[in-house]
Amino acid sequence: MAQKIIFLDVDGTLVNYENHLPDSAVQAIHKAQLKGNLVFTVTGRSKAEMYPEILDIGFDGYIGGNGSYIEAGEKVIKEVTLSSADTHRIVDWLQNRGLEFYLEANSGLYASRAFDERGQATIQEYSDRKGKGREVTVRQVFPEMIFDADLYRDDINKISFILDSYQDFLDAQAEFPGYKLGTWGGAGEKALFGDIALGNINKAVAVDELLTYLDIPVADSFAFGDAKVDIPMLEHCGTGIAMGNGGPEIKKMADYITASVDDDGLKKAFEHFALL
């Protein structure tokens with residue numbers, strides 16, 4: 001059997017939205033690798049958010065920042081960041097508008113002055129929407145977030161900001177037409193966060209670049225995800241698998257729907273496709 005390559009989204013796919021990592025997922029990944037297959041994470045997280053319990057699994061590489069960074073083994077294949085001028089302009093606009101935010105880099109997560117205080121209600125609402133039913137804090141969700149750092153940096157992959165209203169996102173779109181803007185934490189006007197990154201960056205583009213680099217046919221690739229941001233990756237790969245806890249959009253287009261994260265969804269799909 002030809003070597004296969006497996007691409008795993010992290011939040012809602014590898015771990016649930018409380019950052020719980022099922023033992024069955026770790027075991028499935030290791031068995032797939034022992035069979036000769038490659039396993040990569042593909043995530044919006046910058047490397048600073050890839051905490052030890054995830055990195056220690058021992059992946060064959062990592063795609064981060066929704067495609068702005070690619071690492072295979074110990075080699076960096078791609079790293080595209082906002083320039084210091086880009087970051088300076090965006091930070092100033094957010095601060096002048098009174099919006100709290102954090103900068104996402106492989107070196108760390110850098111929060112605006114009042115993000116801890118202002119973000120509390122938003123983070124709690126995000127957790128409540130996921131049906132977790134417990135109190136959470138900003139520092140629990142982002143345990144290594146850096147406060148009071150210089151925000152004018154040249155190593156930023158993406159900037160996330162709290163939406164006081166959906167109009168903040170619409171105005172950001174108008175202000176930064178050359179960038180890629182998105183929302184998360186809810187659909188449409190219910191979104192809790194906006195984010196800003198360089199244009200022409202997405203998971204599918206990065207996956208294609210990595211497949212080309214590794215000389216692995218698209219037909220031998222499997223992609224796992226749970227959210228709309230994962231759809232381009234699932235469309236591009238040979239087989240696209242949606243998690244049982246995923247949204248209706250990704251389930252509609254997926255080649256296969258597995259069980260939820262908490263119901264051993266990764267393991268069951270790996271078994272279904274004989275990846276382990």
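**Figure 1. Packing of helix 3 with helix 6.** Helix 3 (residues 84–97) packs against helix 6 (residues 166–175) at an angle of about 145°, and their axes are 12 Å apart. Axes here are lines fitted to C-alpha atoms, over the stretch in contact for helices, and angles run from 0 to 180 degrees between N-to-C directions. The model is predicted: local features need pLDDT of at least 70, side-chain atom pairs count only at pLDDT 80 or more, and totals for chains, interfaces and linings use all residues. Residues are numbered from 1 along each chain as its sequence is written, and side-chain values use heavy atoms, with hydrogens and water left out. Helices (H or I, at least four residues) and strands (E, at least two) are DSSP runs numbered from the N terminus. Arg 89, Trp 93 and Arg 97 of helix 3 meet Gln 167, Asp 168, Asp 171, Ala 172 and Glu 175 of helix 6, where contact means heavy atoms within 4.5 Å. Of the residues in this contact, five are charged, two nonpolar and one polar. Ala, Val, Leu, Ile, Met, Phe, Trp, Tyr, Cys and Pro count as nonpolar, Asp, Glu, Lys and Arg as charged, and the others, Gly among them, as polar.

**Figure 2. The two sides of helix 3.** Helix 3 has 14 residues and reaches 20 Å from its first C-alpha to its last, close to the 20 Å expected at 1.5 Å a residue; the expected span is 1.5 Å times one less than the number of residues. Its buried residues are Asp 86, Thr 87, Ile 90, Val 91, Trp 93 and Leu 94. They cover an arc of only 160° around the axis, so they are on the same side of helix 3; the arc is that of the directions from the helix axis to the C-beta atoms. Ala 85 and Asn 96, on the other side, are exposed. Buried means under 20% relative accessible area, exposed over 50%, and partly exposed in between (1.4 Å probe, protein chains only). The cover over the buried residues includes strand 6, strand 8 (156–162), helix 6, strand 9 (179–184) and strand 10 (193–198). Just after the helix, Gly 98 has a positive phi of about 80°.

**Figure 3. Glu 104 in strand 6.** Glu 104 is found in strand 6 (residues 101–105). This residue counts as buried because its relative accessibility is 2%. Apart from neighbours within four places in sequence, Glu 104 is in contact with Gly 44, Ser 46, Glu 49, Leu 109, Ile 156, Asn 157, Lys 158 and Ser 160.

**Figure 4. Helix 1 and its surroundings.** Ser 24, Ala 25, Val 26, Ala 28, Ile 29 and Ala 32 are buried in helix 1. These buried residues pack against strand 1 (5–8), strand 2 (38–42) and helix 10 (265–272).

Figure 5. Most residues other than glycine have a negative phi. Asn 66 has a positive phi near 55° and lies in the loop between strand 3 (61–64) and strand 4 (69–72). Phi of Asp 215 is also positive, near 55°, and this residue is in the loop between helix 7 (203–214) and strand 11 (221–225). Asn 66 counts as buried at 16% relative accessibility, whereas Asp 215 is exposed at 69%.

**Figure 6. Ala 269 in helix 10.** Ala 269 is in helix 10 and is buried, with a relative accessible area of 0%. Not counting residues up to four places away in sequence, Ala 269 touches Phe 224, Ile 241, Tyr 256 and Thr 258.
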